[in-house]
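Please open the structure in a viewer and keep a selection panel at hand.

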Amino acid sequence: PKPDPERAAAIRRRDRAHVFHAWAAQKHIDPLPVAGGAGSYFWDYEGNSYLDFSSQFVNLNIGHAHPRVVAAVRDQAERLCTIAPHFTTEPRAEAARLIAGLAPGDLNRVFFTNGGTEANEHAVRMARTATGRPKILSAYRSYHGATATALNLTGDPRRWSADSGSAGVTHFFGPYPYRSAFHADSPEQECERALAHLDLTIRMEGPATIAAVLLETVIGTGGVLVPPDGYLAGVRRICDEYGILMITDEVMVGFGRTGEWFAVGHWDVVPDLLTFAKGVNSGYVPLGGVVVSDRVAAVFDHRPYPGGLTYSGHPLGCAAAVATIGAMRDEGMVEHAAWLGEQVLGPGLRDIAARHPAVGEVRGLGVFWALELVKDRGTREMLVPYAASPAESTPVTEVMAACRKAGLWPFANYNRIHVVPPCNLSAAEAAEGLAILDGALTAADAYTTE
Ligand code: PLP
């Protein structure tokens with residue numbers, strides 16, 4: 001693309017004058033004007049292009065400008081752009097059939113929303129209505145969205161500024177072997193103790209007051225925390241024992257990210273409700289939803305469900321989902337993501353870790369990886385503290401700046417760099433990005449005390 005710096009400057013001026021940005025101190029940001037994207041790359045107006053190791057907000061699972069999805073959105077737009085949710089349409093019926101077919105067990109019905117926050121909002125409302133119980137248990141270090149309920153469910157510092165107390169939510173600790181809340185010294189012990197802690201929390205809260213346990217199948221922004229084998233099955237068992245529903249949030253991990261269509265597939269666990277968004281259509285058009293089990297859906301067979309949205313099952317979003325799932329299936333993208341994790345990203349990141357004292361742990365699966373950065377690998381002291389201010393984040397900011405200068409766009413959260421590229425990243429693109437990251441991490445090593 002031909003550089004057009006004047007256009008970039010004009011976009012910047014209008015943005016700074018009129019756009020109010022999410023999660024930002026408005027005077028402290030300088031958003032990059034983006035001109036376009038194709039596959040795993042996007043570019044600005046000034047001649048720079050970036051290999052996207054963040055998949056934007058970990059949603060761009062098939063890369064930019066996939067011709068099949070672009071064509072599906074265009075065709076649907078020509079036929080019918082929008083329709084009220086009490087009608088039915090072919091794209092919505094077909095998207096629901098495909099999603100239910102990918103979801104495990106008796107998760108057979110789909111309630112469509114505009115994104116992940118609303119998906120969790122409605123899953124929780126379904127659970128509360130179906131059980132008649134008020135409380136939800138959710139994990140620390142989680143992110144579930146930004147409306148009042150979803151933010152209360154969230155277990156990270158983004159909740160604090162809007163927190164109005166428990167609001168029907170109690171938080172618990174999930175497994176995190178590298179920084180165990182349970183002083184465990186093996187993943188097996190971490191699993192056992194995390195389950196005992198959940199069981200105790202439920203007994204102390206009063207099982208009959210708890211509608212659901214909500215958790216990310218693999219914690220995403222909170223650190224790519226892959227649960228030890230047996231943990232999710234244990235949560236399922238505990239929920240069943242107390243008549244509590246299990247909700248898995250697959251907004252970030254669904255649709256191939258972990259090398260399975262849904263991450264629960266790694267552990268053969270069937271929740272009562274499963275939420276999705278992002279990867280369902282790679283974010284080409286906003287779409288999310290709740291996959292509902294037959295058992296929960298039956299509660300609303302003869303009783304109206306108390307909730308709805310003007311854009312539930314939006315034709316453009318659902319047409320994009322149908323095309324995305326078809327493209328992922330026909331091009332073997334989920335299998336490719338699993339292969340990339342096992343053969344390329346995992347080994348590549350472990351190699352990098354061996355060269356950099358700042359890397360304390362590498363963990364992940366599929367196209368879902370985190371490097372946890374530390375001051376000292378012996379003490380595991382975080383290179384940037386939890387809930388760090390921008391000033392405290394300098395070591396990671398410098399790594400990110402070095403990556404961007406070299407044409408790579410990763411994702412960072414506190415002391416972690418996340419490597420979360422599209423599922424259809426090629427091995428050559430992976431090698432290109434890993435080499436840049438390797439060079440950039442030297443900036444972090446300078447802050448280590450080892
Ligand atoms: N749940 C998880 C696990 C997420 O990662 C996110 C977004 O990052 C959400 C929910 C919220 O989704 P959305 O931003 O589409 O509302």
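This is a predicted model: local features need pLDDT of at least 70, side-chain atom pairs count only at pLDDT 80 or more; totals for chains, interfaces and linings use all residues.

Residues are numbered from 1 along each chain as its sequence is written.

Of the 450 residues, 49% are buried. A residue is termed buried if 20 or more other C-beta atoms lie within 10 Å of its own, exposed if 12 or fewer, and partly exposed in between, with C-beta atoms placed from the backbone. Among contacts with a separation of 6 or more, 74% join residues 24 or more positions apart; a contact requires the C-beta atoms of two residues, placed from the backbone, to lie within 7 Å.

**The two domains**

Next, colour residues 5-65 and 332-445 as domain 1, and residues 67-330 as domain 2. These bounds come from an automatic or database domain assignment. The C-alpha centres of the two domains lie 25 Å apart. Domain 1 brings 27 residues to the contact and domain 2 brings 26 residues.

H11 gives the most, with five residues. By class, this side of domain 1 has 15 nonpolar, eight polar and four charged residues. Here Ala, Val, Leu, Ile, Met, Phe, Trp, Tyr, Cys and Pro count as nonpolar, Asp, Glu, Lys and Arg as charged, and the others, Gly among them, as polar.

Select Ser55, which lies in helix H2. The phi of Ser55 is positive, near 45°, in a residue other than glycine. Ser55 is buried, with 28 other C-beta atoms within 10 Å.

Continue to Ala65, in the loop between H2 and H3. Ala65 also has a positive phi, about 60°, although it is not a glycine. Ala65 is partly exposed, with 14 other C-beta atoms within 10 Å.

**Helix H3**

Now select helix H3 (residues 67-79), whose 13 residues should span 18 Å at 1.5 Å a residue; its end C-alpha atoms are 18 Å apart, which agrees. The expected span is 1.5 Å times one less than the number of residues. Val69, Ala72 and Gln76 are buried in H3. Seen down the axis of H3, these buried residues fall within an arc of 60°, so they line one face of the helix. The arc is that of the directions from the helix axis to the C-beta atoms. The buried residues of H3 pack against helix H4 (90-102) and helix H10 (315-330). On the other side of H3, the exposed residues are Pro67, Ala71, Arg74, Asp75 and Glu78.

**Phe255**

Move to the loop between strand S8 (245-249) and strand S9 (273-276), where Phe255 is found. Is Phe255 buried or exposed? Phe255 is buried, with 32 other C-beta atoms within 10 Å. Apart from neighbours within four places in sequence, Phe255 is in contact with Asn61, Trp261, Gly279, Val280 and Met328.

**Helix H12**

Finish at helix H12 (residues 394-405), where Pro395, Val396, Val399 and Cys403 are buried. Viewed down the axis of H12, its buried residues fall within an arc of 95°, so they line one face of the helix. Elements covering these residues include S12, S16 and helix H13 (427-440). Turn to the face away from the buried side to find the exposed residues Ala401 and Lys405. Following H12 is Gly407, with a positive phi near 95°.

Terms used: Helices (H or I, at least four residues) and strands (E, at least two) are DSSP runs, numbered from the N terminus.
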